[in-house]
Amino acid sequence: LMAETAPLSPDEVKAELARLTVLAGVELRPEVFDVLVELTRLDVVPTATAQVLKSLCVKSAMRASVGGGASGGAAGGGR
């Protein structure tokens with residue numbers, strides 16, 4: 001049996017998510033980070049969160065190719 005832990009506060013969730021992105025070497029635009037924080041707070045399953053990120057990246061790439069912008073993608077890092 002696993003011991004239950006107290007849920008994280010909103011600030012703790014944000015701090016932990018920021019720590020994870022740094023450890024993973026991922027650079028996120030602030031608005032994308034905010035979406036991830038909100039999805040985490042809503043307890044969205046990780047596969048759904050990944051689909052949202054993929055969708056944001058595709059839309060950003062499409063906008064960049066059509067508009068000729070150099071936005072670097074929705075997630076920023078370009079890895």
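This is a predicted model: local features need pLDDT of at least 70, side-chain atom pairs count only at pLDDT 80 or more; totals for chains, interfaces and linings use all residues.
Which element gives the largest share of the lining of the largest pocket? That's H2, which supplies three residues.

1. Overall layout. The protein chain has three helices and zero strands, so if you read along the sequence the pattern is simply α-α-α. Helix H1 covers residues 10-24, while H2 runs over 30-41 and H3 over 46-67.

2. Burial and surface. The chain has 79 residues, and 15% of them count as buried. Its accessible surface comes to about 6,100 Å², with 63% of that belonging to carbon and sulfur atoms.

3. Contacts along the chain. Take the contacts between residues at least 6 apart in sequence: 37% of these join residues at least 24 apart.

4. The largest pocket has a volume of about 190 Å³. To find it on screen, pick out the lining residues: Leu 17, Leu 36, Leu 39, Thr 40, Asp 43, Val 44, Val 45, Pro 46 and Thr 49. Helices H2 and H3 are the elements that give two or more residues to this lining. By class, the lining has six nonpolar, two polar and one charged residues.

5. Asp 43, worth a click. This residue is part of the pocket lining and is found in the loop between H2 and H3. Its phi is positive, about 60°, although Asp 43 is not a glycine. Is Asp 43 buried or exposed? Its relative accessibility is 68%, so it counts as exposed, the cut-off being over 50%.

6. How many salt bridges does the structure hold? There are two. As background, side chains of opposite charge can pair when their charged atoms come close. In one of the two, Glu 16 pairs with Arg 19, and the closest N and O atoms are 3.3 Å apart. Both residues lie in helix H1, three residues apart, or about one turn of the helix. Glu 16 counts as partly exposed because its relative accessibility is 36%, which falls between the 20% and 50% cut-offs.

7. The other salt bridge. Here Arg 29 pairs with Glu 31, with the closest N and O atoms 2.8 Å apart. Arg 29 has a relative accessibility of 29%, so it counts as partly exposed. Glu 31 is partly exposed as well, with a relative accessible area of 42%.

8. Thr 21, a buried spot in H1. Thr 21 is found in helix H1. Why does Thr 21 count as buried? Because its relative accessible area is 15%, and buried means under 20%. Leaving aside neighbours within four places in sequence, Thr 21 is in contact with Val 26 and Leu 28.

9. Where to look, in short.

Technical notes. Residues are numbered from 1 along each chain as its sequence is written. Side-chain values use heavy atoms; hydrogens and water are left out. On a 1 Å grid over the protein atoms alone, a cavity is a set of points where a 1.4 Å probe fits but cannot get out, and a pocket is an open set with protein on both sides within 12 Å along at least five of seven lines; lining residues have an atom within 4 Å of a point. Grid points are joined across faces, edges and corners, and a volume is the space filled by probe spheres set on the points. Helices (H or I, at least four residues) and strands (E, at least two) are DSSP runs, numbered from the N terminus. Ala, Val, Leu, Ile, Met, Phe, Trp, Tyr, Cys and Pro count as nonpolar, Asp, Glu, Lys and Arg as charged, and the others, Gly among them, as polar. A salt bridge is a side-chain nitrogen of Lys or Arg within 4 Å of a carboxyl oxygen of Asp or Glu. Buried means under 20% relative accessible area, exposed over 50%, partly exposed in between (1.4 Å probe, protein chains only). Contact means heavy atoms within 4.5 Å. Accessible areas come from the Shrake-Rupley method with a 1.4 Å probe; for residues, only the protein chains shown count as cover.
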